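Me: Please take a close look at one part, the shell of residues around the ligand. Then place it among the secondary structure elements that make up the rest of the fold.

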Amino acid sequence: MLILGVESSCDETGIALYDSEAGLLSHALHSQVAMHAEYGGVVPELASRDHIRRVVPLLREAMARAGRRLGDVDAIAYTRGPGLSGALLVGCAFAEALALALGKPTIPVHHLEGHLLSPLLSANPPTFPFVALLVSGGHTQLMRVSAVGEYELLGETLDDAAGEAFDKSAKLLGLPYPGGALLSKLAEQGRSGVYELPRPMQHSGDLNFSFSGLKTAVLTLVREQHEPLSEAFKADAARAFQEAIVEVLVKKSLKALKQTGLKQLVVAGGVGANRQLRAMLDDEARRKRFRVYYPELEFCTDNGAMIALAGCLRLQAGTPAKPAGSFAVQPRWPLMDISVSGTQ
Ligand code: KG4
Ligand code: ZN
């Protein structure tokens, strides 16, 4: 069974071909980061227009790399939500129209289900069940992943996502968008302990997060300084911010493992690239005897491969593909709506 996957929920256009027997055959991706950087954040209308420009060339690229023809495709999976409505509509219209022309069915996929299943694309995948820490620019969630379609939300952020907190704090320190990775580089030059920032919700007793206070704490630090900010201050403040956020992410992940009794942790999403987060989790994993999995970065951030995979696994788990031709997206869509273990 050959599945074509289409992702367009935010600022990445992704197309992939996944074969149920041979695995991932090819994937092609275009990131809009450089385009949005000029505006300091994602501009939804520009995102939609760029998806329109990229989607057909990316399809050609993915087909050519896999050495397959459109007629070989058995079904088209695409991200139905959650995400930016205009951006989602581009992928949906493209996938539904192509499927209609080919006489093939479609599989609308939940974007977060794609992220949760993406570790299965790795050469060394985890086995079900596992705990997933999903930390991206848009999401911060801890989930128990028991099987395809069996997800339990253990905790999530009550306000900003972890990546959003990184990006906003980076902006406060004068770094360009998206500043998460730059802030983390700067933090490596900073001194530990110069500034103490709060560890929000660390002792809340649950698995939820809150990061907006941390960003405000960075703002307060910045306001106490004389402009222009010195390089030493920026590095020390970045260090303090990163230490605080990483500590909370690690503590809550450990708590989720303890609470579920599971021994495998999967870290997905762009913040999973953070070196301090990885070092601390690896250290804890050695001490507490659990395994941490970091999917390759190209599958951590938004991509078409995870959507093709999720579509394929859904079909194999018995969810029927639907006839092509209905153009509906779901910009807001709780993951629990598609999970059998979510109906508590
Ligand atoms: O998964 P992703 O591409 O998600 C979204 O599309 O939202 O993740 C992007 C997020 C951004 O907020 C970015 O600043 C952050 O991941 N990020 C990092 C690092 N690399 C990317 N945050 C902390 N440390 C990094 N090394
Ligand atoms: Zn995503």
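Reply: A polar contact is taken here as a pair of N or O atoms within 3.5 Å. The model is a predicted one, in which local features need pLDDT of at least 70 and side-chain atom pairs count only at pLDDT 80 or more, while totals for chains, interfaces and linings use all residues. Residues are numbered from 1 along each chain as its sequence is written, chains are lettered from A and ligands numbered from 1 in the order in which they are written, and side-chain values use heavy atoms, without hydrogens and water.

The shell around ligand 1 holds 17 residues, a residue being near if one of its heavy atoms lies within 4 Å. Those that come nearest are Gly137, Gly163, Asp167, Gly270 and Asn274. Three of these residues also make polar contacts with ligand 1. The side chain of Asp167 places an N or O atom 2.5 Å from an oxygen atom of the ligand. Gly270 approaches through its backbone, with an N or O atom 2.8 Å from an oxygen atom of ligand 1. Asn274 faces a nitrogen atom of ligand 1 instead, with a polar side-chain atom at 3.0 Å. Of the 550 Å² that ligand 1 exposes when taken alone, the protein buries 85% (Shrake-Rupley areas, 1.4 Å probe).

By class, 10 residues of the shell are polar, five are nonpolar and two are charged; Asp, Glu, Lys and Arg count as charged, Ala, Val, Leu, Ile, Met, Phe, Trp, Tyr, Cys and Pro as nonpolar, and the others, Gly among them, as polar. Two helices, α5 (162-172) and α6 (180-189), each give at least two residues to this shell (helices are DSSP runs of H or I, at least four residues, and strands are runs of E, at least two). The loop between α5 and α6 contains Pro178, whose peptide bond with Tyr177 is cis, with omega about -15°. The loop that runs from α6 to α7 (212-223) contains Met201. Met201 is not a glycine, yet its phi is positive, near 65°.

Now the sheets. One open sheet has five strands in the order β8-β7-β6-β9-β10, with mixed pairing (two strands pair if DSSP finds at least two bridges). On average, neighbouring strands are turned by 25° against each other, direction ignored (axes are lines fitted to C-alpha atoms, with angles from 0 to 180 degrees). Within this sheet, β6 (130-135) and β9 (264-268) run parallel and share four bridges, and Val131 stands opposite Leu265 of β9. Helix α8 (231-260) lies across β6, β7 (140-147), β8 and β9, at about 155° to β6 (contact: heavy atoms within 4.5 Å).

Strand β2 (12-19) is antiparallel to β3 and joined to it by eight bridges; Ile15 has Ala28 of β3 as its bridge partner.

Terms used:
A polar contact is a pair of N or O atoms within 3.5 Å; within protein, one must be able to donate a hydrogen and the other to accept it, and residues adjacent in sequence count only if both atoms are side-chain atoms.
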